[in-house]
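I opened this entry to note what I looked up, residue by residue.

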Amino acid sequence: MTTSLPGNDPVPPTRTLRWTVLPDGVVGKDADGHDILRVSVLITPLLTGTARLGDYAGMRDWPDTLDGLVASMSLAFYDSSDVSVGTVTSTTPADRFPPADSGVWTTLFRGDTLVQPPGQSRAALAEPVRKTLRSYPAAAVHTEVTGLYREVAVATTAERVRLEAAARELGECGPPDPDLDQGCRFPSTGTVLSLIGQGVKDFSLDPSTVYSTLDTMLNRGHGVADDASPYTPKVMRRTGNPEYEPEAKTFAFAEAHRFFDRTPPSADRTAAPEPEPHRVDFHQACTLLADYPELQRRFGLVVDLLFTAPPALADEGSVQVSFDGHPDKDLLHAPGLRPLTRLRYQAGSRFEPLSADEDVLRTRMLNLGSDAFQVTDLDVDGSALKYVDYARAINALDQGLLDDTAPARKQLGTGTPAARGSGLTVLVADGEHRLAGRIGADGERVATPVDPKLHAEDLVRGYRVDVGVADTTGEVHTWHSLCRRVGTYTVRRPGEVPVPLTVRPDEGQVKTSAVTKQSRDADELYGHQALFGWEGWSLVAARPGKTINLQDRPEAVVPEVSPDVPLETRFTAQPGSLPALRYGETYRLRARSVDLAGNSLSPTAPIPDELATPALTYRRWEPVPQPVVVPLKPFNEGESAERLVIRSTVEDDGREISALRYSVLRSDVPDHGTDSGIDHLDRSYAASATSGTSRRPSARCAWPRNTAATTRRSGLTSPKRYAVASSPPPPASPGRSWTPSSAIPRTHSSPPICCCAARSMWPSTAWTTPSH
């Protein structure tokens, strides 16, 4: 039974306070050389009874009430066997954040603030119902998808290098004819189906059968230990499961599809009542304030304290608050209100919550270097869905269900679908098992009136992610936080003047885990194995710009403000804090755990290198389209986006060359007669008069396939007119470049153009390509 502090009403509402101690490091030495330690104490008010905050004793001005409680609070320490090793009664408030402020409290919370029973009350947990937590093995899907692409590429190469087809290719000239066999073949449908596997192919044709098998395995509770809490959701056990392992590949893709296939039957959707408008009550507001560490302190929900380490403090032990000197000690010491936080202490270096599994969480860091984690630049969700669709399409092609004469089919064949990149994503193997364990443990703590023992994993609210560019040895010299932010905080009550709250720039966090469900009362939960991902922008601030609304018009994103707790927050990335995400660069990621009071290691703290992800070079998965040729100047006569014309009768300074000098310069070019000995084309030079000026040569020339442009040569110049060249230049003689005469409009005022298809003795290395 929970003991409570009474209010003033004849039927008093009840107020209980939970006090959780969060060790936060060694911060220095005192005058005697002893360690000065810091803790944060998280205060969680739990209110039941009436729906108005003002009805609860001490809650109209909570910061003032808190001062009296903290003055009599001490810290009790125990060893690993729960034997007392001392109590710290002398503490000093830490000054890294402003203290609790009554003015800030009353600005947001008033007497009529809505109060609803805590979301996870004992009444709600009186009859536990074991829920189902669905996920899918993202790392296994990643392995299968990349393996298929690799094997198809190998098979395609094997087909391409066939000697007969290769010989035909060598004899061809010009662009390949898509109707001819050029030796570039995709694997046969039978080969691809063997790579996909019979089980995945059958699932693509009939998902319901495999769905039913998955549901049967989940309902048997294979993923839940025999001694697990009744509040622990059922999860899929994959390793060591004799029903799962023989068809692990098929089940992996089936779980991925089932994860996104959540649409309820149309009848259920029609019968479902309209949800009531959501209201934010006092308890939810306190939870939301945990995203803003400074506001937690200013609203009196967290207190930071400094003290000298007790002499008998052991390497491993626990700590909890104590109110031995307070007149309401029995009420404040009620069972379940003072959790024992397991801690690790190393003199001069470490004072932190103790981790129960250092393969996952170690020294306040996610152990991203362990086998439990994998980093990828592939969109695993989309690839899993495309894989199954690909299996269905290849089967239809193999069975003759598609029109094999369609031009698109000739081009695509059995080629794999285009993959997609999604930045850098960190996956955790069997993450849903750990999440299910935490859900069950939380249910037990609420339902059982005893002081629980908490490990580091129980105190993590999120992560602060750092990224660094790795050199050729994999070492990162500079780490960049992806969670630095600048925020604006405003209390906006309808009909009142907005009240801004000044808060310093800080670091946000990525939530540790999130589950979704189809409806409020659904017993089926969904949790992804992806912990976080980076796509080149901040993880805690929206990208700049507008969104497209339902009317297809751009609009600025305006955060929704609850009328019950009207705190509006807006965030931007701290200027200069974000690195660039670029193809070809090699990156490493690391994640600092954030506790319930917003504490974490500093991004500049010495952190072991092995706790970061292995180096990963960021590559492009999407097909690369051909470059677009963009003219930098207006087209001259004969020019187009596909053809570059370079005038060869202009000096470097822009002066025109006379007809006589031009003929001298052209004298070294062979085979320019009316009947060329090579192909009997007329390549003679002709002069035309233009408006009474001197005669200038013009040219008549046919041109073979695969023409291109060139740039500067010694003595003559060509303007750099294009950003991208379409193909390598043909051979030519010094100072000259060519274009087909058929593309040039012949007028009396046309400047001279020289066209040539003759072979040249000039080395090809002398030619360059147009550029900016």
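**Arginine over rings**

I started with Arg262, whose charged end sits over the ring of Phe259, 4.7 Å from its centre. The charged end of Arg262 also sits over the ring of Tyr526, at 3.8 Å from the ring centre. I keep in mind that this is a predicted model.

**Aromatic pairs**

I then searched the whole structure for aromatic pairs and got 20. I looked at the pair Phe77 and Phe307. Their ring centres are 5.8 Å apart and their planes meet at 50 degrees, so I logged the pair as tilted. The cut-off for edge-to-face is over 60 degrees.

Where do Phe77 and Phe307 lie? I found Phe77 in strand E4 (residues 74–79) and Phe307 in strand E8 (residues 302–308). The pair therefore ties together parts that are 230 residues apart in sequence.

Buried or exposed? I checked both rings. Phe77 is buried, at 0% relative accessibility. Phe307 is buried too, with a relative accessible area of 3%.

Next I took Tyr292 and Tyr489. Their ring centres are 5.5 Å apart with planes at 80 degrees, so this pair is edge-to-face. Tyr292 is in the loop between helix H10 (282–289) and helix H11 (293–298), while Tyr489 is in strand E19 (residues 484–491). The parts they tie together are 197 residues apart in sequence. I noted Tyr292 as buried at 12% relative accessible area, and Tyr489 as buried at 2%.

Phe77, Phe307, Tyr345 and Phe351 form one aromatic cluster.

**Cores**

Which residues have the most contacts inside the largest nonpolar core? I read off Trp19, Phe77 and Phe109, in a core of 54 residues. Strand E3 (residues 35–48) gives the most to this core, with 5 residues. Apart from it I found another core of 35 residues, including Met217, Met236, Tyr390 and Ala419.

I listed the contacts of Phe109, leaving out residues up to four places away in sequence. Phe109 touches Leu53, Phe282, Ala285, Leu289, Phe299, Arg493 and Val565.

**Asn219**

I finished with Asn219, which is in helix H7 (residues 207–219). Asn219 is exposed, with a relative accessible area of 52%; I note that the cut-off for exposed is over 50%. The Asn219 side chain makes a polar contact with the side chain of Lys234, at 3.4 Å. I also compared Asn219 with Thr132: they are 87 residues apart in sequence, and 8.2 Å apart in space, C-alpha to C-alpha.

Definitions and conventions:
Residues numbered from 1 in each chain as written. Predicted model: local features only at pLDDT ≥ 70, side-chain atom pairs only at ≥ 80, totals over all residues. Heavy atoms only, no water. Helix = DSSP H or I, 4+ residues; strand = E, 2+ residues; numbered from the N terminus. Buried < 20%, exposed > 50% of the residue type's maximum accessible area, 1.4 Å probe, protein only. Polar contact = N/O pair within 3.5 Å; in protein donor to acceptor, adjacent residues only side chain to side chain. Core = buried A, V, L, I, M, F, W, Y, C linked by side-chain atoms within 4.5 Å. Contact = heavy atoms within 4.5 Å. Phe/Tyr/Trp six-rings, centres within 6.5 Å; stacked < 30°, edge-to-face > 60°. Lys NZ or Arg CZ within 6 Å of the ring centre and 35° of its normal.
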